[in-house]
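Have a look at the structure first, then read on.

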Amino acid sequence: MEIRWDPILAQWIIVAGKRGKRPLLPEGYCPFCPGSEEVPEKGWTVLSLPNKFPALRPDAPPPDIKYDRLYRCKPAKGVCEVIVYTPQHNASLADLSVENIKAVIDLWTSRFEELGSLDYVKYVFIFENKGRIIGVTLDHPHGQLYAFPFIPTLIRRELASSKQYWRRTGTCLFCTIIQKEQKDEVRVVCENEDFICFLPFFAHWPYGVHIYPKRHREALTDLTETEKVSFAAILKKVLLKFDNLFNMSFPYMMVLHQRPTDGKPYPYYHFHVEFYPPYREKNKIKYFASVETGSGTVTFDYTPEMKAKELRETPPV
Ligand code: ZN
Ligand code: ZN
Ligand code: FE
């Protein structure tokens with residue numbers, strides 16, 4: 001395993017040759033249920049566990065492939081963890097109490113802090129893939145994190161544009177977007193005291209909502225206790241809206257975008273959550289096909305205002 005540099009697109013690729021051979025788990029066996037393997041029987045609400053088949057590892061071996069200045073290569077040094085959201089097997093993040101979701105947020109925060117403080121970790125990426133359609137094979141509610149030895153390419157782009165905006169205007173690009181969405185109203189899905197959820201003017205996915213703290217926060221570690229409760233509450237609300245939209249357990253990819261952990265200052269970056277749900281209508285999948293994948297251009301088949309209205313009008317109960 002190693003990371004290889006793509007000199008054309010200027011980004012790192014993780015090559016984990018052995019991960020392809022992950023064994024299928026026996027039918028009916030869940031490695032995240034209380035009492036199995038390293039999961040305690042009692043006394044926990046949320047847990048972080050090492051990923052059994054990590055793409056990155058703290059003790060990554062030196063690359064065993066020839067490389068040079070054009071074909072660059074580095075050890076795949078990092079950490080991959082699983083975040084178990086609850087001892088309950090048959091649930092999803094949406095079903096959990098606000099207190100339980102707050103415990104997930106607290107765990108995200110402490111893992112971000114601890115892993116981010118490692119010298120080789122430049123970025124802590126927290127995410128959840130949910131649903132068979134996304135390729136998830138384990139039903140037990142869980143998310144994951146990758147502690148990267150580099151700043152991932154999409155984060156680099158967000159940092160570059162927000163830094164430029166900050167230099168030009170002296171304000172946060174994201175704070176400005178939040179104000180604009182609040183003023184325009186038509187793309188707002190829901191909000192509370194401290195957080196807002198909207199489908200941005202420039203949404204990429206039909207139900208690709210973003211959630212932002214209303215106050216300028218670079219990372220989870222900047223949130224107050226009250227803000228964390230508000231964050232848990234809005235997450236639950238959005239997830240329930242998702243589930244109620246088509247009366248199904250709604251699949252999605254969810255990612256947390258925070259500042260890097262390379263020790264440099266990022267006053268112009270604003271923490272947020274992004275969702276990429278694969279559905280565009282009931283029983284209709286949005287494929288990221290040739291145009292999206294091969295040219296990086298998104299075709300949005302509706303309008304963000306239409307899709308935001310649908311979600312706004314879906315009850316969160
Ligand atoms: Zn389970
Ligand atoms: Zn901001
Ligand atoms: Fe983002």
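## The first zinc site

Helices (H or I, at least four residues) and strands (E, at least two) are DSSP runs, numbered from the N terminus.

Donors here are N, O and S atoms within 2.8 Å of the metal (3.2 Å for Na, K and Ca); water is not among the atoms, so sites may look incomplete. His89 is partly exposed, at 27% relative accessible area. Buried means under 20%, exposed over 50%, and partly exposed in between (1.4 Å probe, protein chains only).

For the zinc ion (ligand 2), the coordinating atoms come from Cys172 (SG), Cys175 (SG), His216 (ND1) and His270 (ND1), at 2.0 to 2.3 Å. Why is this arrangement tetrahedral? Because the four donor atoms subtend angles of 104 to 116 degrees. Along the chain, the spacing reads C-x2-C-x40-H-x53-H. Cys172 and Cys175 are both buried.

Helix 4 (residues 225-245) has 21 residues and spans 30 Å from its first C-alpha to its last, close to the 30 Å expected at 1.5 Å a residue. That expectation is 1.5 Å times one less than the number of residues. Helix 4 is mostly covered, with 15 of its 21 residues buried. After helix 4 comes Asn247, with a positive phi near 50 degrees.

Over in helix 2 (residues 153-169) you'll find Lys163, which is partly exposed at 33% relative accessibility. Lys163 and Met253 are 90 residues apart in sequence and 26 Å apart in space, C-alpha to C-alpha.

## Before you use the numbers

This is a predicted model: local features need pLDDT of at least 70, side-chain atom pairs count only at pLDDT 80 or more, and totals for chains, interfaces and linings use all residues. Residues are numbered from 1 along each chain as its sequence is written, chains are lettered from A and ligands numbered from 1 in the order in which they are written, and side-chain values use heavy atoms, with hydrogens and water left out.

Note on methods:
Four donors count as tetrahedral if all angles lie between 85 and 135 degrees; four count as square planar and six as octahedral if opposite donors are over 155 degrees apart and all others between 65 and 115; anything else is irregular.
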